[in-house]
Amino acid sequence: MNLRVVNANIIVNIKSFYREKTVVFFRIAFPVILILVFGTIFMERDNEIFDLDIQDLSQTKSSAELVKAIGLSERFKINLVAPAINAKQFAKDNGRNLVLVIPKGFESLLMQEMVQKDRHSPIILTELYDPSSFGLTTKMGVLKIVLAGINQEMSGKPPFIVSKGTSILKKKYRFIEFFVPGIIAMAVMTASLFGAVNVNAELRQKGVLRKLSTTPITRTDWILSNVLYQFILAVLSTIVMLLVSYAVFNVSLAINGWLVVFVALDVFAFVGLGMILTRVAKEAESAAAAADALMFPMMFLSGTFFPVEMMPEFLQKFAKVLPLYYVNEGLRASMVSLDHMAALRHAAVIGVFAAVVFVLGIMITNLGEESK
Amino acid sequence: MTKETEYAIEVDKLTKRYGDLLAVNDISFTVSKGEVFALLGPNGAGKTTAVEIIDTIRKPTSGKVTLLGMDVTKKKHNIIPRIGVLPQGFSSFDRITVKETLQYYSRLFRCKSTDIRGLIDLVNLKDKTKEQYKNLSGGLKQRLGIAVALVNDPEVVFLDEPTTGLDPRARREVWDVLKGLKKKGKTIFLTTHYMEEAELLADTVAIMAKGQILAMGSTGELIESNANYLVVTLKAADDKIFRIAQKMDFAPVNDIHGNIQVRLAHMDDVRNILNAIEEGGGSFNGLDVSKPNLEEVFLKITDETLREVTGDERGG
């Protein structure tokens, strides 16, 4: 290995990078856009207030108090539907997924229930809902909890059983803080894999690698310079992602040595994998297609966008054979939960994978002869 | 260990197979130090495979290649710093300028004092030093490729079809560069399918087809041994001349310009045919007597080989 040669390659790669504006955009700006878009969506979900249409057919003091109590829960923004309107048609015409109907005679039914000692027939509020609507289940669940609270309150007795939450994390975290490490891992993976595949396939196709095979550069020099170049860009891109996350979402993430370790291992693993794909695939197009086929399952099944625990059990098992899973989990362990032992375990797994593909990449890469 | 030899390149029974395809078939030749050697052949002759084995890009199936006294399959790392290669269809990093490209390759060769400016002058790219590779024309790219092949001041330079795809002006510009290298005493191994190029630049020409070397020598030697005759062209000649030539047992041919061409072995035959035309009352407007050129030799040799191969294939 010759550092002068490695350095010469890194300089050429960096110059090629910053002179190609579209590459700069996709490398630096694209992950930032992802963070801004998903961050905004998830910020909303963290403090979500649902729209709720209520039709009060009773029009009494009691029904008005019920509407007020639901509103006081601070989970709903209430819109009253006039009693004369057909509520079902209203929901269909206006694209509403849930209309709560307070029945006629609500107040008298309530009085009866309250004076009876032995209550057994609760008052039914009708929920008119659109089952095809996304997020309806959550909204209906929240409504049930709010109504349960009102029932409890009206009974005049303190609850027998209550639960009290204690966070397993040292601080209170929002979803964006779980999301940013995942985006860092994914952005570094895609850039490293595609960077290695596209650049090498293009240089091979154009004959640049053949020319390089007539110079003293070795396979190790070539791959190492590719890895270091991708690492420099990965660090730059990670810094930009973190700055945007801090500036826009005021995230609370721990920055420590593990971040550098995981970014480096992410680069090593996926540049090595890219080198293998470039060598195994005969054409540049098939190398890119193979990279796609590897990358997409990893993006969606490794816990980048949503927790692995949300997936069916067999997919959770599958996720654990994907290298990106260990980068995601490792980054979250070090940046969010500050669990250094977990970070070490994940680093060991991805480290072994990176070492294997890197050595394999060096072994099978051939700058010169191609079969005819 | 390097063996001191008068030859820069020694090729002995070199063969390269790709499955059933025999790309190079048992070729042998030598190239002396300081010599310009041209491997001339049609597309698919096996020239590139041969040169890529000699310049260490590919490995032979069998046979031995010695470059600067070293076996190319065993001493690649010792050979590479001493040779320069312009591969077929040379290409470089799109966004890197001419000067940066030369600096990059100089660093790869760990050269401490490459005369970048001198190389740029040699290939006449002084006005293009800050131009990115992708913005260069085909001719300029080839000239840069030649400069890249020279960054390590090599003893042997390999140029694989350096002018293919270039327009006539660009081709002449590259030839000027190669003539400059020749003057500097570099050993140059050139592959080409342009006769004019080989005739103009090479000390030795090897004609290759179907993976084999069919003839080898200086241009003069090749013409002498393969086309030792004179071509007499009688311009705007009438039909009487055609019949007179036939009667004299020559084989006249009409060309597309209405001229008659006759191949004659000696100058005496020229005198005899001119006397016979005068006596027979034949008329023509002009006369041209010339020796055949390399192109005629090439066509004659490669046509014969192709006919033999086709005949063999039919027969067996």
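Reader: Which exposed residues does the face of H9(B) turned away from its buried side carry?

Author: In this predicted model, that face carries Asp239(B), Gln246(B) and Lys247(B).

Reader: What makes residues of helix H9 of chain B buried, and which are they?

Author: The cut-off is 20 or more other C-beta atoms within 10 Å. In H9, which spans residues 239-247 of chain B, the buried residues are Ile241(B), Ile244(B) and Ala245(B).

Reader: What covers the buried residues of H9(B)?

Author: The cover includes strand S11 (230-235), strand S13 (260-264) and helix H10 (267-280) of chain B. Just after H9(B), Asp249(B) has a positive phi of about 70 degrees.

Reader: How many residues does each chain give to the contact, and what classes are found on the side of chain B?

Author: Chain B gives 24 residues and chain A gives 23 residues. Helix H3 (residues 98-108) of chain B supplies the largest share of the side of chain B that touches chain A, with five residues. By class, that side has 13 nonpolar, four polar and seven charged residues.

Reader: Which domains does the assignment give for chain B, and how far apart are their C-alpha centres?

Author: Domain 1 is 7-224 and domain 2 is 228-290. Their C-alpha centres lie 43 Å apart.

Terms used
Residues numbered from 1 in each chain as written. Chains lettered and ligands numbered in written order. Predicted model: local features only at pLDDT ≥ 70, side-chain atom pairs only at ≥ 80, totals over all residues. Contact = placed C-beta atoms within 7 Å. Helix = DSSP H or I, 4+ residues; strand = E, 2+ residues; numbered from the N terminus. Nonpolar A, V, L, I, M, F, W, Y, C, P; charged D, E, K, R; others polar. Domains from an automatic or database assignment. Buried ≥ 20, exposed ≤ 12 C-beta atoms within 10 Å, placed from the backbone.
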